[in-house]
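Q: Please take a close look at the side-chain contacts in this structure, with attention to charged residues and the nonpolar core.

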Amino acid sequence: MLRYAEVLLTYAEAKIEQNQIDNSVYEAINQVCRRAGMPDVDEAKYSNQAKLRELVRRERRVEFAYEGMRRWDILRWGIANEVMSQPVVRVEGSLLTTKNEEGDFNVNITGTTLEENRTFTVGKHEVLPIPQSAIDANPNLTQNPGY
């Protein structure tokens with residue numbers, strides 16, 4: 001099963017990576033935003049490949065939260081070592097009614113708690129270990145490097 005938002009954002013990402021930015025890129029992203037009740041993309045603010053890449057990556061992170069796609073995205077983008085080697089912190093606070101110059105709501109952070117210290121090992125963590133039961137069932141399988 002594939003969500004239509006996945007099709008739209010993948011299309012936009014592919015066009016952006018090829019630097020073929022046209023109205024169809026904005027329209028694909030706008031369809032996802034409109035469905036969520038968000039405004040259309042500010043084409044003046046997101047007018048180049050780098051800014052659009054940033055936008056699509058953020059949209060994917062938000063749109064597919066808790067759907068198990070983030071790991072595959074950051075591996076595909078080549079940022080896993082940077083992103084997955086950071087500590088996981090729980091932030092406590094509240095949303096304020098004021099907005100910053102970017103148009104996002106300000107927040108009042110009242111505390112943070114370290115949840116996990118993560119490390120990403122290049123050459124190992126790009127793949128997952130093969131379960132021992134699968135290796136036992138098929139002697140032609142070998143374990144992935146590092147496991």
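**Charged and nonpolar side chains**

A: In this predicted model, Lys99 lies over the face of Phe105, 4.8 Å from the ring centre. Aromatic pairs, by contrast, number zero in the structure.

Charged side chains also meet one another, and the count of salt bridges comes to 16. One of them joins Glu13 and Arg76, whose closest N and O atoms are 2.9 Å apart. Glu13 belongs to helix α1 and Arg76 to helix α4 (residues 70–77), so this pair ties together parts that are 63 residues apart in sequence. Glu13 counts as buried because its relative accessible area is 12%, under the 20% limit. Arg76 has 45% relative accessibility and is therefore partly exposed, as this value falls between 20% and 50%. Both residues belong to a network of salt bridges that links Glu6, Glu13, Arg60, Asp73 and Arg76.

Another salt bridge connects the side chains of Arg35 and Glu63, at 2.5 Å from N to O. Since Arg35 lies in helix α2 and Glu63 in helix α3, the pair ties together parts 28 residues apart in sequence. Arg35 is exposed, at 52% relative accessibility, whereas Glu63 is buried, at 13%. The side chains of Lys15 and Asp22 likewise form a salt bridge, with an N to O distance of 3.3 Å. Here Lys15 is buried, with a relative accessible area of 14%, while Asp22 is partly exposed at 32%.

The nonpolar side chains complete the picture. In soluble globular proteins, nonpolar side chains tend to be buried together. The largest nonpolar core of this model has 18 residues, and the members that touch the most others are Ala12, Ile29, Val41, Leu52 and Leu55. Helices α1 (4–17), α2 (23–35) and α3 (49–63) each supply at least two residues of this core. The greatest contribution comes from α2, which gives six residues. Leu55 touches Ile29, Val41 and Tyr46, when residues up to four places away in sequence are not counted.

Key:
Residues are numbered from 1 along each chain as its sequence is written. This is a predicted model: local features need pLDDT of at least 70, side-chain atom pairs count only at pLDDT 80 or more; totals for chains, interfaces and linings use all residues. Side-chain values use heavy atoms; hydrogens and water are left out. A nonpolar core is a set of buried Ala, Val, Leu, Ile, Met, Phe, Trp, Tyr and Cys residues joined through side-chain atoms within 4.5 Å. Buried means under 20% relative accessible area, exposed over 50%, partly exposed in between (1.4 Å probe, protein chains only). Helices (H or I, at least four residues) and strands (E, at least two) are DSSP runs, numbered from the N terminus. Contact means heavy atoms within 4.5 Å. Rings of Phe, Tyr and Trp (its six-membered ring) pair if their centres lie within 6.5 Å; planes under 30 degrees apart count as stacked, over 60 as edge-to-face and the rest as tilted. A charge sits over a ring if NZ of Lys or CZ of Arg is within 6 Å of the ring centre and within 35 degrees of the ring normal. A salt bridge is a side-chain nitrogen of Lys or Arg within 4 Å of a carboxyl oxygen of Asp or Glu.
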